[in-house]
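Hello,

Here is the structure I promised to pass on.

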Amino acid sequence: MSLCGKGCLGGARENESKGKLQHHPWHPPVVDDEDPLAQGVLMINNSLTGKKERFVPTKGREVRWYTCGPTVYDSTHVGHARTYLTFDIMRRIMSDYFNYDVLYQINITDIDDKIILRARQNKLVADLENDSNVGFEQLVSLVDQAVVEAGEKFVKKTADLNDTLENAKLTKNRKLQEETEEQIKMHLTKEGNFVNETQAIEAAKADPKKDRSALIAAAKSVLSVKLDQEKGDSVTDHGVFNAHARKYEREYMEDMEALGIREPDVLTRVTEYIPQIITFIQRIVDKGLAYESNGSVYLSLDAYKKEHNYRKLSPSNEASTEAELEESEGALGDTNASEKRNPSDFALWKSSKRGEPEWKSPWGMGRPGWHIECSVIASDILGEQLDLHSGGEDLKFPHHDNELAQSEACFGSQQWVNYFTHAGHLHIKGLKMSKSLKNFVTIRQALEKHSARQLRILFLLQPWDEQMNFSDQTVDDAKAKEKTFRVFFQEVESLSRDDYLLGTLGFQMGEHDHKLSTDFLEAQRLVHRSLLDNFDTKAAMNAMLDLIAKSNAYIRLPNAKPAVLLLKRIAMYITRILRVFGVVQGADSFGFGSGQGSSGADSKQQVVTPYVDALVSFREQVRNAALKSGNKKDPAIQAILQACDSVRDTALVHAGVRLEDRPDGSKWNLEDPAVLIQEQADKLEKERDAKISKLEKQKAQLEKELVKAKSGLVSPAEMFKTEEFSAWDDQGLPTMLADGTTELSDGQRKKKKKVQDKQAKIHTALMTKADGNPQAYLAKIEADIKQVETDIDKFNEN
């Protein structure tokens, strides 16, 4: 039967007009025209529309990408790591997987209200500590005043928030209600921090040493605010602000390097763009979309909205809330300034007060507003049309919406950015990780406990544009996934170590080989589709982990003769994707590096294999002989086994060799010594924590037993002989109340009898356990509790 009409089957057909032979009909594969992912189209969650959109660069495969960098006023924390690792992963996928030509820019905000405040406060606190004229008692008085003033602010803030919440409920303003409820939640956390600080202050005040430095350290939060209010305007040296910013700028870049984040293609600073910022603002003023007032310049939203749309990223028909205005104007701004034409107008240029850095401008001495910097600097580097702009979720409004407004006002355009991406918040114990809440873990603290690879895997396992929690559970899950990858690489490397050409080639396990090859192709399809689907690294990671699970099951089949080349190809593919994600470094064909999965005659793996094989074989023979000996308690046998353990856990670890003793024989692989050492440290820490937990449970049980024992000391015959009663029967049960005239009723005596019987059981049990000497028994429990406490202290010290 013909598939396409008469003449389609059979021999080649002659072209009647030209006398040439034609190709037979070709039947192209069917493509789902309604599924962009099937067509290989990258889809991105675009904050400008609130949904996934086809990604189409403005010019060919060029991607002009701007990401808001840090405001360098303090150390970066894991919340920042979530943002910058997220965009590093996306950038790597864009460049290394989809092969876009990316120009990636990050800007450092090195002048801002937060920087000004923190720099001034740190200087004033340092000056106080260095001022020997301020004695301890004078310092105590100053701290007490600061605590009182801080407490009054908390009380006022609490009242204001409660009033706002009540008003939101009465007016049925859902947005304001939700915002205020979240603020109250954060305020309560801050109050709790304040209580803890006051306790630390009281302890420092009561210290007989009268240590000024200790008191200043305990009171720094409240002291810095008070000193800044009183003396902040005296700090006028630009060098103070510049030195502060440079310190944390360098720390940020070091932290990014430690996390394995690629350097941007272009790195800029606000303070190096003051002339361009002034020119940019003047263009907006000249267009009648901004105005000068008292030395500051504001964008006129009333004028702007006549021809442009405002709040594209966070659409709202309601006026900006007080909290939003405070966020927009910054910590040193005045949200109630009468100099604005519209309360929602935001500053492009701020007139500087005393104690703030300043630059000369057409409107007087001042400094840039917060939002203007990104518009000016991004446009200078990337042009008047950006393909992609990224930042944290909390920057949508007001920062990014205001960026869009001032940029489109300057350029007269309707769309300065084509795609906006926002990384979800990182929460810890239900709250966004934040310096103001003091619930943050710095990147350096995190890297003391977890490797950069583990943190990266942690974020890869979460949707990049959704909120996620940072907890022991999520970190442990990332570590478990890392181990799954590592063990698989080790297994494949061990299988690949032998010369496969000496054996039978091809598939030798029938349907099992075919199924694994099909699973491999399906995993590649799923990974590719996941990355096209809004950089869904969670789905991609799960696809690879599922493939590993199937590969492991295949390897462990009875009488397995695995197709080593197929397994090696799977390991190489997974390594390639993990390398794209930034999880794998180095050039090994597969694995996490350090020679694992390396290839070539001169590779580290090839060089060391004969020597490590010889050592491992010798150790295994010695260990097995010791284990099979009839007397394992023999000191000589124990010494041999300890030496074997020391080779595995110390000597080989520092040499970068992982050795595992398994029922089917010892297996070894190359690994980064630092990774092995950290794993051992983690293992010891878990063992220590487990022992402490066990001891704490033991202590709790002993304390419970002590309470019970003390309650059993009272004899049932004596328990009711108190001032409440005046007469008792021969068993010690009360018969008359203390007044000497009121007898207990039968019901009252029955209740007392039940209590007495219960006490009799407790007393008898105590006397039995105590062997007739309850005081010695109690003393022993108390001694046991002290010993457990001593043991816990020893573990904590280590």
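Below is what I found, starting with the whole chain and then turning to a few parts of it.

First, some ground rules. This is a predicted model, in which local features need pLDDT of at least 70 and side-chain atom pairs count only at pLDDT 80 or more, while totals for chains, interfaces and linings use all residues. Residues are numbered from 1 along each chain as its sequence is written, and side-chain values use heavy atoms, with hydrogens and water left out.

**The whole protein**

The protein has 23 helices and 20 strands; helices (H or I, at least four residues) and strands (E, at least two) are DSSP runs, numbered from the N terminus. Its radius of gyration is 36 Å, well over the 28 Å from the globule rule for 798 residues, so the protein is more spread out than a compact globule. That radius is taken over C-alpha atoms, and the rule is 2.2 Å times the number of residues to the power 0.38. Along the principal axes, the C-alpha atoms fill a box of roughly 135 × 90 × 60 Å.

Of the 798 residues, 45% count as buried, meaning under 20% relative accessible area with a 1.4 Å probe, protein chains only. Among contacts (heavy atoms within 4.5 Å) with a separation of 6 or more, 72% come from residues 24 or more positions apart.

Five strands make an open sheet with parallel pairing, in the order 7-6-5-12-13. Strands pair here if DSSP finds at least two bridges between them. Strand 7 (266-269) and strand 13 (417-423) are at the edges with a single partner strand each, so one side of each has no neighbour in the sheet. Ile-108 stands opposite Arg-269 in strand 7.

**A covered helix**

Helix 11 (residues 372-382) is mostly covered, with 9 of its 11 residues buried. The buried residues include Glu-373, Cys-374 and Leu-382. After helix 11 comes Gly-383, which has a positive phi, near 100°.

In the model, residues 681-712 are 100% helix and 0% strand, with the end C-alpha atoms 46 Å apart.

Best wishes

Notes
Buried means under 20% relative accessible area, exposed over 50%, partly exposed in between (1.4 Å probe, protein chains only).
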